[in-house]
Amino acid sequence: MMRYDLTVIPIIKAIDIYAKEKVRFKKMGTPLHDEFDLIIGATAIANNLILVTDNTKHFKNFEGLKIENWVI
């Protein structure tokens with residue numbers, strides 16, 4: 001059996017960033033329709049992490065988010 005070491009990152013530190021980004025997106029006229037993407041992006045920002053995704057279009061407008069696409 002394979003064992004994976006995972007780190008669970010709490011989202012509590014991301015709540016303020018989540019709220020600010022949601023309002024900012026709405027004011028820009030580009031609200032996110034996927035709340036999970038907003039939580040994921042805000043959590044990465046709050047924890048100073050690089051978000052690795054092939055779905056860069058959903059995350060490109062986040063302020064202060066570092067994104068890498070390993071698929072291309």
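Visitor: Hello! Where do I begin, and which elements does the protein have?

Guide: Welcome! Start with an inventory. In this predicted model, the protein has two helices and two strands. Reading from the N terminus, the order is α-α-β-β. The C-alpha atoms fill a box of roughly 50 × 30 × 20 Å along the principal axes, and buried residues account for 25% of the 72 residues.

Visitor: How should I read contacts by their separation in sequence? What share of contacts between residues at least 6 apart join residues at least 24 apart?

Guide: Among those contacts, the share is 39%.

Visitor: Let's take α1. How does its end-to-end reach compare with the expected one?

Guide: Helix α1 covers residues 15-28, and its 14 residues reach 20 Å from the first C-alpha to the last, close to the 20 Å expected at 1.5 Å a residue. The residue that follows α1 is Gly29, with a positive phi near 85°.

Visitor: And how do I read the faces of a helix?

Guide: Here is the general idea: an α-helix has 3.6 residues a turn, so residues three or four places apart point the same way. Now the case here: Tyr18, Glu21, Arg24 and Phe25 are the buried residues of α1. Viewed down the axis of α1, the buried residues lie within an arc of 135°, so they line one face of the helix. Turned away from that buried side are the exposed residues Asp16, Lys20, Lys26 and Lys27.

Visitor: What covers the buried residues of α1?

Guide: The cover includes α2, residues 35-46.

Visitor: How is the packing of two helices described?

Guide: Two packed helices are described by the angle between their axes and the distance between the axes. In this model, α1 and α2 pack at an angle of about 125°, with axes 9 Å apart. The two helices are therefore oblique to each other, and their crossing is right-handed.

Visitor: Which residues meet where α1 and α2 pack?

Guide: From α1 come Ile17, Tyr18, Glu21, Lys22 and Phe25; from α2 come Glu35, Leu38, Ile39, Ala42, Ile45 and Ala46. Two of the α1 residues in that list, Tyr18 and Phe25, are also buried.

Visitor: Now a loop residue. Is Phe62 buried or exposed?

Guide: Phe62 sits in the loop between β1 (50-52) and β2 (66-68). With a relative accessible area of 6%, Phe62 is buried, as buried means under 20%.

Visitor: Which residues does Phe62 touch, leaving out those up to four places away in sequence?

Guide: Phe62 touches Glu21, Arg24, Phe25, Leu32, Asp37, Leu38, Gly41, Ala42 and Ile45. Take Ala42 as an example: Phe62 and Ala42 are 20 residues apart in sequence, and their C-alpha atoms are 8.3 Å apart in space.

Definitions and conventions. Residues are numbered from 1 along each chain as its sequence is written. This is a predicted model: local features need pLDDT of at least 70, side-chain atom pairs count only at pLDDT 80 or more; totals for chains, interfaces and linings use all residues. Side-chain values use heavy atoms; hydrogens and water are left out. Helices (H or I, at least four residues) and strands (E, at least two) are DSSP runs, numbered from the N terminus. The expected span of a helix is 1.5 Å times one less than its number of residues. Buried means under 20% relative accessible area, exposed over 50%, partly exposed in between (1.4 Å probe, protein chains only). The arc is that of the directions from the helix axis to the C-beta atoms. Contact means heavy atoms within 4.5 Å. Axes are lines fitted to C-alpha atoms, for helices over the stretch in contact, and angles run from 0 to 180 degrees between N-to-C directions. Angles under 35 degrees count as roughly parallel, over 145 as roughly antiparallel, 65 to 115 as roughly perpendicular and the rest as oblique. A crossing is left-handed if the near helix is turned anticlockwise from the far one by less than a right angle, and right-handed if clockwise.
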